[in-house]
Amino acid sequence: MTATETDLAEAQQDEAQQDGAPRGGALHADAVRALTDWRPAEPEQDRLRLDYLRHLTEQPGGMYRACLPAHITASAAVVDPAAGRVLLTLHPKVGRWLQMGGHCEPGDRDLAAAALREATEESGIPDLALLTRDGAPVPVKLDRHQVRCTGKDRPENTHLDVQYIAVAPPGAQALISEESLDLRWFDYDRLPELTDHSVRDLVARARELTG
């Protein structure tokens, strides 16, 4: 643990011990653990990681959408490596093709479980498995972006997204949910025009890590 991370962890512990201070709970603690343990190679990703940890230190409720102007979210690229394809959803609010994902909920056991729940709900595929390292699910990328999840007429807020890879069984059939305008499999090399750099980068990482 670096000196910066030690300072963040100590500050979080001090805050939790104050009388009447709000408690972060198990999901909050797991997010701190996951982001402390994960060490990305890219300096930009590592700076984001530390920013996320700072957010969690300052915001005991920072896992949930009620925390404004920023909160943690969880998402996953659903891939079928055997067919060389990725499942994307056409988001009704954003108007672009995205990976599966969304807000954490109080019933989520941990951050990875939140990502898996969102991926399962939005893909309709029941047997997804998150990519793991040493037997535990690990993030592959962080992405901070502006949204209006509190309403189109409300000020923008920030999603601090933690992104995973969810592997689908070969030949899996997707089932669209009411949260999507459309849901389709795309070949890795034929992503739709309405995808941004973040999605393309996530798909490229998924392709590399799943072979």
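## Briefing: side-chain contacts and salt bridges

Apart from its neighbours within four places in sequence, Gln163 is in contact with Ser75, Gln99, Pro139, Val140, Lys141, Asp143, Ser198 and Leu202. The structure is a predicted model. A search of the whole of it finds 17 salt bridges, while the count of aromatic pairs comes to one.

**Gln163 and two of its contacts**

- Gln163 belongs to strand E9 (residues 157-167), and it counts as buried because its relative accessibility is 1%.
- A polar contact of 3.1 Å joins the side chain of Gln163 to that of Asp161.
- Lys141 and Asp143, both in contact with Gln163, meet through their side chains in a salt bridge (3.9 Å, N to O).
- Lys141 is buried, with a relative accessible area of 4%, and Asp143 is buried at 16%.

- Asp80 and Arg85 form a salt bridge in which the closest N and O atoms are 2.9 Å apart.
- Asp80 is buried at a relative accessible area of 2%, and Arg85 is buried at 16%.
- The charged end of Arg85 also sits over the ring of Trp185, 3.9 Å from the ring centre.
- Tyr188 lies in the loop between E10 and helix H5 (197-210), and its relative accessibility of 12% is why it counts as buried.
- Beyond its neighbours within four places in sequence, Tyr188 is in contact with residues including Asp80, Arg85, Val203 and Arg207.
- Tyr188 and Ala206 are 18 residues apart in sequence, and their C-alpha atoms are 9.6 Å apart in space.

**The aromatic pair**

- By the rule applied, one aromatic pair is counted.
- Trp97 and Phe186 form this pair in an edge-to-face arrangement, at 5.0 Å centre to centre and with 80 degrees between the planes.
- The pair links distant parts of the chain, with Trp97 in strand E3 (residues 97-98) and Phe186 in strand E10 (residues 182-187), 89 residues apart.
- Trp97 and Phe186 are both buried.

- In helix H2 (residues 25-37), Asp30 and Arg33 are separated by about one helical turn because they are three residues apart.
- The side chains of Asp30 and Arg33 meet in a salt bridge (2.9 Å, N to O).
- Asp30 is buried at a relative accessible area of 13%, whereas Arg33 counts as partly exposed at 42% relative accessibility.
- Helix H3 (residues 43-58) has 16 residues and reaches 23 Å from its first C-alpha to its last, close to the expected 22 Å.
- Among the buried residues of H3 are Leu48, Arg49, Tyr52 and His55.

**Salt-bridge network**

- A network of salt bridges links Glu105, Asp108, Arg117, Glu118 and Glu121.

Conventions: Residues are numbered from 1 along each chain as its sequence is written. This is a predicted model: local features need pLDDT of at least 70, side-chain atom pairs count only at pLDDT 80 or more; totals for chains, interfaces and linings use all residues. Side-chain values use heavy atoms; hydrogens and water are left out. Rings of Phe, Tyr and Trp (its six-membered ring) pair if their centres lie within 6.5 Å; planes under 30 degrees apart count as stacked, over 60 as edge-to-face and the rest as tilted. Helices (H or I, at least four residues) and strands (E, at least two) are DSSP runs, numbered from the N terminus. Buried means under 20% relative accessible area, exposed over 50%, partly exposed in between (1.4 Å probe, protein chains only). A charge sits over a ring if NZ of Lys or CZ of Arg is within 6 Å of the ring centre and within 35 degrees of the ring normal. Contact means heavy atoms within 4.5 Å. A polar contact is a pair of N or O atoms within 3.5 Å; within protein, one must be able to donate a hydrogen and the other to accept it, and residues adjacent in sequence count only if both atoms are side-chain atoms. The expected span of a helix is 1.5 Å times one less than its number of residues. A salt bridge is a side-chain nitrogen of Lys or Arg within 4 Å of a carboxyl oxygen of Asp or Glu.
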